Amino acid sequence: MTPAAAGSVSGASVVARGWGWRHAGRRRWAVDGLDLRIEPGERVLLLGASGAGKSTLLHALAGVLGGEEEGEQRGHLLVNGAEPTAERGQAGLLLQDPDSQVILARVGDDVAFGCENLGVPRDEIWRRVTDALRMVGLNLPLGHPTSALSGGQKQRLALAGVLAMRPGLLLLDEPTANLDPEGVLEVRESVARVLENSEATFIVIEHRVAVWQSLVNRVIVLDAAGGVLADGHPDDVLTSQGERLAAAGVWVPGRGSGLVAAGRRTSSGTTPLLRTPGLAIARTKAEIIARDLELDVLAGTALALTGPNGAGKSTLALTLAGLLKPAGGAVLASPEFADGADPEPIRWRSRQLLSRIGTVFQDPEHQFVAATVRAELAVGPRALKRPEAAVTARVDEVLQRLRLDHLAEANPFTLSGGEKRRLSVGTVLATQPQLLVLDEPTFGQDLRTWREIVVLLDELLREGTAVVAVSHDADFVAAVFDREFRLAGRTGAAAPLITSGVVPR
Amino acid sequence: MSLIAPPRGDRAIFRINPVAKLASALLLAGVLILTIDWVSAAVALACEFVLVFWAGLSLKSFVLRTLPVWIAAPTAGLTTLLYGQPAGAVYWAFGLVNVTEGSLELAIATTLRILAIGLPSVVLFVTVDPTDLADGLAQVVKLPARFVLGGLAGLRLVGLFLGDWRALELARRARGIADGGAGRRLLSQAFALLVLSIRRGSKLATAMEARGFGAPVQRTWARESTFRGREVALIGIGLAVALLAVGVSVALGSWNFVLT
Amino acid sequence: MHATSTLLTPATSRQPRSYRWRVVDIVIASVIGVASGLIFVVWNQAYNPLSGLLTPLLPGLQALLGGGWLFAGVLGGLIIRKPGAAIYTELLAAVVSTLVGGTAWGATILVSGLVQGLGAELVFALFIYANYRVYVALLAGAGAGLALAVNDLLLWYPGSAAPFIAVYTVSAIVSGIVVAGLLSWLAMRGLARTGALSRFAAGRSSRTRV
């Protein structure tokens, strides 16, 4: 490892004096009255409830909040004594969403992009590109297509792009929230290696504290009401503020999920709703991902679909849900479950699915079709031609159950991440299907929403609903599920196949 | 050109600067558009059929890629045949339909002209990698770099949009609203795609700004876009075909300037 | 960001107007151009059979379908609100549709895109990039429709008879008003309500301040 890759740059200092920012068109200040001093080379974990303005602060430090058109600033925020917008490239920012951070089509070009923008000479650019790629451990040809990278690789690529600019201030905004456990480890390791070889000041936002705790020497908690709530050594802050942080949705290590282990559900039935004789799954006809999958979905029980990336978990879930056509074999519904419809769910009409199988997509935004939360929840019951009074009653019930009643008239797209997740579950509950299929329901959620999902699923199971979910989240699987179906990964693109049986827990 | 898997190949055509391909296609189109006669179009078309062997694509991909041209050309020709300016002998008249000697000649010319303009630009673009095109447009043509790179970064989102589109389709089936009303559903789906794409675009813009994009600094280029002999040669070929087509057409007295 | 308050920001905001393109303007304009280009590809495929149905009814009526290629410029102009936005998005959409789908119109699509974008752009310029009410959107659509008619009649249907020219031009303008003008305006309003345009004046003027 060449220390030159990032180490030749000395760390930047950060000073905030009565700083505040209000986005254009908003009444509330996103951040207000912030006083803060971060010394060069400090390693900081930034915490706070959602809405405390953590991201706004990081964006401001990176100089990407936008100008006067986009908001209003008061007080001072200085990086190395200067306005962050004045000195581009001094601060490097890594964002949450891997897909939206890949800028160019080739690996080398993407890393070089920042250097080009800063006017670095051509020979120097390629030296920096090679150094940065080595630093993050991406061992790929420079012409490798960026579209072929996994989520963890994309995040490391973005990190390399940031490092190549040689920033004195390294800013990470929930860099692992959208990654599977493997990707989280990859990124964490890369960052650890960078920090070992660098003097750069480091600030990271993350609600899963355990990931970064050992790499930081200071924790700052922002207050949603403005200013700083706590500031100090990680152990001290996490001890004194632990309870408060956990209530605000932060995963504090050693505190668990805060859920009392639920007693075994007794209602778990043995009636199969779905069987899959010789099932093979594929996204498109040409590419079979896995074959000979045999599993049962039992009424009133919870089945977790797990396995590495690319093993076909989501594809299997969507096939079970009657949305994707099996590439071989079949998904068969029991006569009671089909209730007069065709035995194969893929042949059901869209409307017939509603009262039988409800699907919650990984990205809630994919399933929103209405202009208000209330209308969104009414879509399903209306499609079933339920009487208007029944629709209203059911919608009100779901609104209350999911604590969305105060948002009934809001546009679904404007909700927060956790609210969107609750609404997407709500749209499905509105028609009371017997089987619920969920794709990564806890992905990127904070502790509060995570707990709500666990409790809700537990209630539904007790009421006799069957649950099938794709998940990477071992805690979630342990908390909710009775059985696990593990898909083995694919070894090569041309070698499809593999399965293992159902593992009783 | 494929946006998802960039074209790769060893043949000379792959290495030619896309700007030269664009220039020669435009040059040919610009000249052929000036006249509406079958001679110039036929001459150009004949030359193109010889040149296509060096275009770096198999017969199968040639047919597949140019299929829209083969459909559109006779369709436009038919329109002209039925409703074009009547002249000479009348073969058939019915309401507004007026097939005459003149409109028949115009129809043949229109069909050939669309083929002669459409085929080379489709064929030349099959071997273009968008990244190289952007390099060329910014460095050789000197278009504003911010716009060229913004457009290029936008192009990269196409793959994500296609994935979004499929998910939106499945989700509508899951929501119980996929049984009828295809037109309305399509509009709602297009709108949802627009929302998602603008969301992605906003995040991409922030990521680009965080890497100094748009900084008030003279930008450098990690890779030089070159414009040398073979680029000039390709444009020369385009020019030669255009001149030959015009020359033969004028010599045979069939040149028919479009605005007269 | 929920509608807890109903204090409206005035339609003409007091925020300073700048004609300079920000990075986010360029990227979103590009994204709109690219997404529109994909829709053009679908439209290109639908055009031939549909025009085959319309043309026998009344020759020139196929221009009613032209709006499917015109909305990109109007939508871009309505959202970005900077000089050149309509031309840039329409041109980019045209380029993308050529690159992705391969169209029969070849390199000339660049010219069509430029001309059609210009038709909408001129209308926005006429209102000095300060008025984006629905009638301006309809006019911009009409401008794009007229540009389409002029372009097509010169390039593809030269030597057409007068009735054809008249029907074609009127159809193109009607299509421009309805598809490019009205639909784009509705899309812009819908987008603003989803909060996706929070970084744009378009997203703030039609939303409640919260």
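Buried area is the accessible area (1.4 Å probe) that two parts lose on being put together, summed over both. The views below show a predicted model, in which local features need pLDDT of at least 70, side-chain atom pairs count only at pLDDT 80 or more, and totals for chains, interfaces and linings use all residues. Residues are numbered from 1 along each chain as its sequence is written, chains are lettered from A in the order in which they are written, and side-chain values use heavy atoms, with hydrogens and water left out.

**View 1. The interface of chain A and chain B.** About 4900 Å² is buried between the two chains, and carbon and sulfur atoms give 52% of this area. Chain A brings 64 residues to the contact and chain B brings 46, where contact means heavy atoms within 4.5 Å.

**View 2. Salt bridges between chain A and chain B.** Ten salt bridges are found across the interface, each defined as a side-chain nitrogen of Lys or Arg within 4 Å of a carboxyl oxygen of Asp or Glu. R106(A) pairs in this way with D132(B), and their closest N and O atoms are 3.1 Å apart.

View 3. Residues 106-127 of chain B are 95% helix and 0% strand, with end C-alpha atoms 33 Å apart. Residues 70-94 of chain B are 56% helix and 20% strand, and their end C-alpha atoms are 28 Å apart. Helices (H or I, at least four residues) and strands (E, at least two) are DSSP runs.
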